[in-house]
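Hello,

Here is the structure I promised to pass on to you. Have a look at it first, and then read on for what turned up in it.

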Amino acid sequence: AANCPSGKGKIDYYDSSITGFILEVRSSGGKTFHLRYRDQHGKQRQHKIGDSKSISFEKARQAALILRSRVVLGDSPSDERKVKRMVPTLDEFFEKRYMPFIKGYKKSWSSDESYYRNHLLRRFGNLHLDQISQQSVIEHHHALRAAGYAPATCNRVLVLLRYMYNLAAKWEVPGSGGNPTSGASMYELNNARERYLTPEETQRLRRALELSGSSQLKFIVPLLLMTGARKRELLDACWSHFDMDRRSWRIPTSKSGKARHVPLSATVMEILAQLPR
């Protein structure tokens, strides 16, 4: 039956037993329950409990009692609600924080973008960081495998999500308190293979290189085979990286991020001697 006096925009009615429990009545007829309190810094706060049309007086009073006890223990419900509203969705975090960061240092950032777009965006993109549960991550990991994706692909998706949450926690992004990937186990990878070319296959490869029409393949493939280098390491190599006297090749930036030295065998030296400068 509470109403707002004529000429006023609103009025607050205070509960007689619960300190700070109020009913705000507006001239428009709207009525809302709040808890008004002071935080640990002495600053006055007001926490909305609910509209009188949506919650009864008794329910609002029970909520006020619980909130009041939390305030006494040092909590600030109003601040917690504000922080809650600042929790980004996974897609917002990926676009605004994660991608700008990894583009600055990771050469293979496009791989992360591809895994996210193809395997995480549809399932988790619209969820806030604190809405993604451990169980949902485990189920998604298993669903990818059931859909026919290789164990390595499923694991890469899990590693990407785990790294995103680790960075969010490091940067103290709201909602990143728990990492939902912590309970998910990686699939064991049993796809290691070791296979050597037979003498016949080696000759066939050599003939194919000669007939390829490429002036470089006949040097590139043997050098890859003889040095064990990665393709990009060889294609990006400069003559200044080679010390012919010491028979050593210095790769300035390897996958580990550190320079490494590759010894050059007599066969490699012969191939390099044929390579046009």
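How many cavities of 30 Å³ or more does the structure hold? There is 1. Please keep in mind as you read that this is a predicted model.

The space inside the largest cavity comes to about 50 Å³. Its lining is made up of Leu120, Phe124, Val137, His140, His141, Val157, Leu158 and Leu161.

Next, the pockets. The second largest pocket has a volume of about 390 Å³. Its lining counts 14 residues, and those nearest the centre are Arg206, Leu209, Lys218, Pro222 and Ile271. At least two lining residues come from each of α8 (199-210), α9 and α11 (266-274). Helix α9 is the main contributor to this pocket, with 6 residues.

Helix α9 covers residues 217-227, and Met226 is part of it. Together with Leu197 and Leu225, Met226 makes a nonpolar surface patch of about 290 Å². The relative accessible area of Met226 is 42%, so this residue is partly exposed.

In one of the links to β7, Ile251 has Arg260 as its bridge partner.

Most residues other than glycine have a negative phi. Arg247, however, is not a glycine and has a positive phi of about 55 degrees. Arg247 sits in the loop between β5 and β6 and is partly exposed, at 39% relative accessible area. The other is Glu172, also not a glycine, with a positive phi of about 60 degrees. You will find Glu172 in the loop between α7 and α8. Is Glu172 buried or exposed? Its relative accessibility is 69%, so Glu172 counts as exposed.

Finally, the charged pairs. Side chains of opposite charge can pair when their charged atoms come close. The count here is 12 salt bridges. Here are three of them:

- Arg61 pairs with Asp15, with the closest N and O atoms 4.0 Å apart. This pair links distant parts of the chain, 46 residues apart: Arg61 is in helix α1 (residues 57-72), and Asp15 is in the loop between β1 (10-14) and β2 (21-26). Arg61 is partly exposed, at 25% relative accessible area.
- Arg117 pairs with Glu95, and their closest N and O atoms are 2.3 Å apart. Helix α4 (residues 109-119) holds Arg117 and helix α3 (residues 90-102) holds Glu95, so to speak two distant parts of the chain, 22 residues apart. Arg117 has a relative accessible area of 33% and Glu95 one of 36%, and each is partly exposed.
- Glu24 and Arg26 meet at 2.7 Å, N to O. Glu24 counts as buried, at 10% relative accessibility, whereas Arg26 counts as partly exposed, at 24%. These two residues also belong to a network of salt bridges with Lys10.

Enjoy exploring it, and do write back with any questions.

Best wishes

Terms used. Residues are numbered from 1 along each chain as its sequence is written. This is a predicted model: local features need pLDDT of at least 70, side-chain atom pairs count only at pLDDT 80 or more; totals for chains, interfaces and linings use all residues. Side-chain values use heavy atoms; hydrogens and water are left out. Patches are made of residues with over 30% relative accessible area and no salt bridge: like charges are joined within 9 Å, nonpolar side chains (Val, Leu, Ile, Met, Phe, Trp, Tyr) within 5 Å. Accessible areas come from the Shrake-Rupley method with a 1.4 Å probe; for residues, only the protein chains shown count as cover. A salt bridge is a side-chain nitrogen of Lys or Arg within 4 Å of a carboxyl oxygen of Asp or Glu. Helices (H or I, at least four residues) and strands (E, at least two) are DSSP runs, numbered from the N terminus. Buried means under 20% relative accessible area, exposed over 50%, partly exposed in between (1.4 Å probe, protein chains only). Two strands pair if DSSP finds at least two bridges between them. On a 1 Å grid over the protein atoms alone, a cavity is a set of points where a 1.4 Å probe fits but cannot get out, and a pocket is an open set with protein on both sides within 12 Å along at least five of seven lines; lining residues have an atom within 4 Å of a point. Grid points are joined across faces, edges and corners, and a volume is the space filled by probe spheres set on the points.
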